[in-house]
Amino acid sequence: MEKNLTTGSVFKNVVLFSLPYLLSYFLQTLYGMADLFIIGQFEGVASTTAVSIGSQVMHMLTVMIVGLSMGTTVSIGQAVGAGDRKQAAHNIGNTVILFLVVSIALTAILLSLVHPIVVAMSTPADAVSGTVTYLTICFIGIPFITSYNIISSIFRGLGDSKSPMCFIATACAANIALDYLFMGVLHLGPAGAALGTTLSQAISVVVSLTVILKRRSIVLKKSDFKPCRAVMGKILGIGIPIAFQDGLIQVAFIIITIIANQRGLNDAAAVGIVEKVISFLFLVPSSMLSTVSALGAQNIGAGKPERAIQTLRYAVMLAAGFGVLASIAIQFTAEGIVSLFTDPSTADGAAVVRFGGQYLRGYIFDCIFAGIHFSFSGFFCACRKSGLSFLHNILAIVLMRVPGVYVTSKLFPATLLPMGLATAAGSLLSVVICLIAFGVIRRKSTLVLVEE
């Protein structure tokens with residue numbers, strides 16, 4: 001399970017680590033879409049809407065848990081890079097205790113807020129009951145969701161990105177099978193979708209724990225589970241800024257959706273379709289963020305900051321290169337891609353395709369800039385400066401992305417192209433801030449940021 005990534009070809013390490021991570025993200029996206037696809041085959045609009053709204057809430061929650069777990073990946077990665085297996089074990093033990101408390105607290109808090117959350121999401125009256133049921137069951141399953149993501153973060157900190165891919169593949173297969181059982185055979189509606197999601201996560205946790213017990217590459221002692229303020233503080237110090245950053249990014253997407261909704265049904269549908277397309281394309285930048293975090297942490301822990309910088313450079317080249325190719329391709333295929341999600345033979349469908357093509361042609365440039373600033377975010381996390389990642393993302397949202405989309409939506413009512421460009425401009429601002437921050441770090445010679 002443990003793999004030292006501080007030697008050998010840096011480029012090869014980046015590619016071999018990122019590919020399983022990329023596939024994991026793809027499977028997670030497929031996992032999230034399965035509930036909507038299957039319930040649409042067996043239930044009506046109200047149930048589909050309930051699962052759609054509930055899935056949005058759970059996606060935001062999962063993203064924040066993943067962000068929080070970044071502290072675990074970096075802490076363990078630094079210990080592995082330094083060859084300190086005892087510290088790695090201590091980090092793992094404290095991670096288990098910390099997130100056990102977090103998952104229990106989250107479950108209790110969110111269960112008490114189910115109804116306010118449903119109201120805040122402006123849930124249609126016909127879908128309220130189903131949404132409440134879906135969220136209640138999913139909130140009960142938060143310990144399983146947390147466990148899966150924490151176990152995955154531990155494996156990645158140890159240099160293993162393949163095992164988490166296998167775990168999510170197991171969960172994805174189980175989820176699809178259980179969805180057809182609960183919604184297709186038993187007709188449980190939104191409750192069945194939630195049960196499928198929760199139980200499949202539980203299955204993946206059991207599988208991952210079985211793998212850990214068999215491999216025993218890191219032997220944990222009772223003392224490793226003794227809470228240590230310094231260890232937990234390090235984990236939270238890295239993870240909390242990332243969790244809040246990811247949560248606020250999701251809020252920004254919701255605000256942009258609301259702005260689009262105010263322009264009319266066709267514009268709203270076009271923006272919704274393009275967001276789905278972009279979410280797939282962003283799998284590459286996201287995988288680079290996690291790759292740079294894990295590989296960079298090990299190399300910094302090993303006292304090899306230049307290898308961490310090389311990792312960053314290769315990640316930027318790969319992610320930005322992909323973004324350039326995608327941006328060129330989209331200029332010729334935008335309408336064709338949007339038409340896959342709507343019927344262009346109708347008047348409304350044709351309008352959605354036209355608006356969606358405009359929005360996608362502008363938005364796609366975000367794929368280039370996001371590939372760059374996601375990679376820098378991973379590097380900052382590896383250096384235990386995740387606050388910089390939080391800073392550049394929040395400044396981009398507050399100063400450029402949201403106000404830019406709002407202004408362009410008012411100034412250009414006949415086209416969505418400027419709104420798409422405004423979204424990409426937010427990421428461009430992030431790139432500028434990242435480059436400045438990276439230059440300051442290098443000048444001050446503070447690349448090795450492990451506390452003495």
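Rings of Phe, Tyr and Trp, the last represented by its six-membered ring, are taken to pair if their centres lie within 6.5 Å. The views below all show a predicted model.

**View A. An aromatic cluster of phenylalanines.** One aromatic cluster is formed by Phe-376, Phe-379, Phe-380 and Phe-438. The structure as a whole holds eight aromatic pairs.

View B. The rings of Phe-379 and Phe-438 are arranged edge-to-face, with 5.6 Å from centre to centre and 70 degrees between the planes. This pair links distant parts of the chain, since Phe-379 belongs to helix 14 (residues 366-382) and Phe-438 to helix 16 (residues 417-443), the two residues being 59 residues apart. Phe-379 and Phe-438 are both buried.

**View C. An arginine over a phenylalanine ring.** Arg-354 lies over the face of Phe-355, and its distance from the ring centre is 4.8 Å.

View D. Leu-23, Phe-26, Leu-30 and Phe-280 together make a nonpolar surface patch of about 310 Å². The element that gives the most to this nonpolar patch is helix 1 (residues 10-42), which provides three residues.

**View E. Phe-26 in its helix.** Phe-26, one of the residues that make the nonpolar surface patch, lies in helix 1. Phe-26 counts as partly exposed because its relative accessibility is 36%, a value in between the limits of under 20% for buried and over 50% for exposed.

How values were computed: Residues are numbered from 1 along each chain as its sequence is written. This is a predicted model: local features need pLDDT of at least 70, side-chain atom pairs count only at pLDDT 80 or more; totals for chains, interfaces and linings use all residues. Side-chain values use heavy atoms; hydrogens and water are left out. Patches are made of residues with over 30% relative accessible area and no salt bridge: like charges are joined within 9 Å, nonpolar side chains (Val, Leu, Ile, Met, Phe, Trp, Tyr) within 5 Å. Accessible areas come from the Shrake-Rupley method with a 1.4 Å probe; for residues, only the protein chains shown count as cover. A salt bridge is a side-chain nitrogen of Lys or Arg within 4 Å of a carboxyl oxygen of Asp or Glu. Helices (H or I, at least four residues) and strands (E, at least two) are DSSP runs, numbered from the N terminus. Buried means under 20% relative accessible area, exposed over 50%, partly exposed in between (1.4 Å probe, protein chains only). Rings of Phe, Tyr and Trp (its six-membered ring) pair if their centres lie within 6.5 Å; planes under 30 degrees apart count as stacked, over 60 as edge-to-face and the rest as tilted. A charge sits over a ring if NZ of Lys or CZ of Arg is within 6 Å of the ring centre and within 35 degrees of the ring normal.
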